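Here are some notes to read with the model open beside you.

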Amino acid sequence: MTENKNHEIHEDDSQVETHEDHDHDSLNLKGTFLMVMALGGTIVVGWVLAFLLFMSRM
Amino acid sequence: MHKYEKIWLSFGTVSLAVFLLILLVSALHGGHSPAASGIETIHPEHVLDDERFANPGLYESDDPDYDYDLYFVASAFRYDPAEVEIPVGSRVKVSVATTDVIHGFQITGTNVNFMVEPSLVSNYTYTFNHPGEYLVLCNEYCGIGHTDMTSIVKVVE
């Protein structure tokens, strides 16, 4: 019942979200990319340091 | 999908695969055995009836894989022995049992660091190559005297 009602509203709505609105290719993700890689890099470096500490105490 | 999204998703996926591989290797190699395989059990109320733990300390070993056996009894809130001397360069199998609750056993500055659980004999084999005085401490909160629970390992020439 509710689903049909929503569907009708969407059909009349001219501002229906389309695939184009979610197209990431046109977005500038440079800042996001840098932060994701910086966080990943920090985790990897932290792991390597812990491993080197372990090996130095063998 | 954005080019950057492909890069960080690949990075994340590869990291996950590497992590799982490391987990698998570290769980199985180097004396780390799966649970219930090669584990020695001991009744916590009868730890002191066992001759190894009745007079804990450093003993020469018959096993060719290591030079000495080192036995420790952990109890709230002390280790027995309170001090032990180990000749430098010797390979030692450290075995620890608890008479009461869960304790920790860490020889600071080394990789000897494990939990001591009631009914289990915990052990780790380590070569003491550097002379010095090492603090032994409990890393599992065991009660009001937890912070005073220490021992000393002296690695001597």
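A word on burial before we start: a residue is buried if 20 or more other C-beta atoms lie within 10 Å of its own, exposed if 12 or fewer, and partly exposed in between, with C-beta atoms placed from the backbone.

1. Ground rules. This is a predicted model, in which local features need pLDDT of at least 70 and side-chain atom pairs count only at pLDDT 80 or more, while totals for chains, interfaces and linings use all residues. Residues are numbered from 1 along each chain as its sequence is written, and chains are lettered from A and ligands numbered from 1 in the order in which they are written.

2. Chain A. Chain A has two helices and zero strands; helices (H or I, at least four residues) and strands (E, at least two) are DSSP runs, numbered from the N terminus. The expected span here is 1.5 Å times one less than the number of residues in the helix. H2(A) is hardly covered, with a buried count of zero.

3. The annotated stretch of chain A. UniProt (unreviewed entry) puts a "transmembrane region" at residues 33-54 of chain A. UniProt positions are given in the numbering used here, feature names are shortened, and annotations may be inferred rather than shown by experiment. In the model, residues 33-54 of chain A are 100% helix and 0% strand, with 32 Å between the end C-alpha atoms.

4. Overall build of chain B. Chain B holds two helices and 11 strands, and along the sequence the pattern reads α-β-α-β-β-β-β-β-β-β-β-β-β. Its radius of gyration is 20 Å, well over the 15 Å that the globule rule gives for 157 residues, so chain B is more spread out than a compact globule. (The radius is taken over C-alpha atoms, and the rule is 2.2 Å times the number of residues to the power 0.38.) The C-alpha trace of chain B spans about 70 × 35 × 30 Å along its principal axes. Buried residues make up 22% of the 157 residues in chain B.

5. Helix H1 of chain B (residues 3-28) has 26 residues and reaches 38 Å from first C-alpha to last, close to the 38 Å expected. H1(B) lies largely in the open, because the number of buried residues in it is zero.

6. The copper A annotation. The UniProt record (unreviewed entry) labels residues 63-157 of chain B "domain: Cytochrome oxidase subunit II copper A binding". Over residues 63-157, chain B is 0% helix and 57% strand, with its end C-alpha atoms 23 Å apart.

7. How the chains meet. The contact takes 11 residues from chain A and 10 residues from chain B; two residues are in contact if their C-beta atoms, placed from the backbone, lie within 7 Å. On the chain A side, the residues divide into seven nonpolar, two polar and two charged. Ala, Val, Leu, Ile, Met, Phe, Trp, Tyr, Cys and Pro count as nonpolar, Asp, Glu, Lys and Arg as charged, and the others, Gly among them, as polar.

8. B:Lys93 is in strand E6 (residues 91-98) of chain B and counts as partly exposed because it has 17 C-beta neighbours inside 10 Å. Beyond four places in sequence, its contacts include B:Tyr66, B:Asp69 and B:Asn123. B:Ser90 lies in the loop between strand E5 (83-87) and E6 of chain B. The C-alpha atoms of B:Ser90 and B:Thr127 are 5.6 Å apart, though 37 residues separate them along the chain.

9. The peptide bond from B:Ala76 to B:Phe77 is cis, with omega near 0°, and B:Phe77 is in the loop between strand E3 (68-75) and strand E4 (78-80) of chain B. The bond from B:Asp80 to B:Pro81 is also cis, with omega near 5°. B:Ser119 has a positive phi of about 80° although it is not a glycine.
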